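This report describes selected features of one protein structure. The sequence and the model are shown first.

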Amino acid sequence: MCRNIKVLHNFEPHATNEEVHAAALQYVRKVSGSTHPSKANEEVFNRAVEEIAHITGHLLEDLVTSASPRSREVEAAKAKARAAVRFGTA
């Protein structure tokens with residue numbers, strides 16, 4: 001999985017449209033192998049991002065869980081601690 005795509009399910013508050021779009025953009029970049037499409041592929045690239053963002057929104061709305069919602073602040077602190085261990089920063 002692309003390291004830059006973040007988990008968006010089961011957060012309070014729910015994922016924003018911007019977060020969903022950013023995840024879709026990262027996915028399309030990974031699959032296509034380019035961060036900036038050529039002019040010839042720009043329309044297809046952008047359409048793919050929009051379609052993936054749209055269906056991801058439906059997925060997030062329809063997923064069901066019995067787990068309590070996660071906190072963005074707690075998850076960010078966990079990620080920071082993992083990075084400190086991984087990269088040896090304080």
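## Second largest pocket

On a 1 Å grid over the protein atoms alone, a pocket is an open set of points where a 1.4 Å probe fits, with protein on both sides within 12 Å along at least five of seven lines; lining residues have an atom within 4 Å of a point. Grid points are joined across faces, edges and corners, and a volume is the space filled by probe spheres set on the points. The model is predicted: local features need pLDDT of at least 70, side-chain atom pairs count only at pLDDT 80 or more, and totals for chains, interfaces and linings use all residues. Residues are numbered from 1 along each chain as its sequence is written, and side-chain values use heavy atoms, without hydrogens and water.

The second largest pocket has a volume of about 340 Å³. Its lining has 17 residues, of which His14, Ala15, Gly57, Leu60 and Glu61 are the closest to the centre. Helices α1 and α2 each give two or more residues to this lining, and α2 gives the most, with six. Helices here are DSSP runs of H or I, at least four residues, numbered from the N terminus. By type, the lining has eight nonpolar, seven polar and two charged residues. In this count Asp, Glu, Lys and Arg are charged, Ala, Val, Leu, Ile, Met, Phe, Trp, Tyr, Cys and Pro are nonpolar, and the others, Gly among them, are polar.

## Nonpolar core

Nine residues form the largest nonpolar core: Ile5, Leu8, Val20, Ala23, Ala24, Val28, Phe45, Val49 and Ala53. Such a core is a set of buried Ala, Val, Leu, Ile, Met, Phe, Trp, Tyr and Cys residues joined through side-chain atoms within 4.5 Å. At least two core residues come from each of α1 (17-32) and α2; the largest share, four residues, is from α1.

Beyond residues up to four places away in sequence, Ala53 touches Val20, His21 and Ala24. Contact means heavy atoms within 4.5 Å.

Asn10 is in the segment before α1. Its relative accessible area is 16%, so Asn10 is buried (buried is under 20%, exposed over 50%, partly exposed in between, with a 1.4 Å probe and protein chains only). Apart from neighbours within four places in sequence, Asn10 contacts Thr65, Ala67, Ser68, Pro69 and Arg70. A polar atom of the Asn10 side chain lies 3.2 Å from the backbone oxygen of Ser68.

Lys39 belongs to helix α2 (residues 39-62). Lys39 counts as exposed because its relative accessibility is 71%. The C-alpha atoms of Lys39 and Thr56, 17 residues apart along the chain, are separated by 26 Å.

Technical notes
A polar contact is a pair of N or O atoms within 3.5 Å; within protein, one must be able to donate a hydrogen and the other to accept it, and residues adjacent in sequence count only if both atoms are side-chain atoms.
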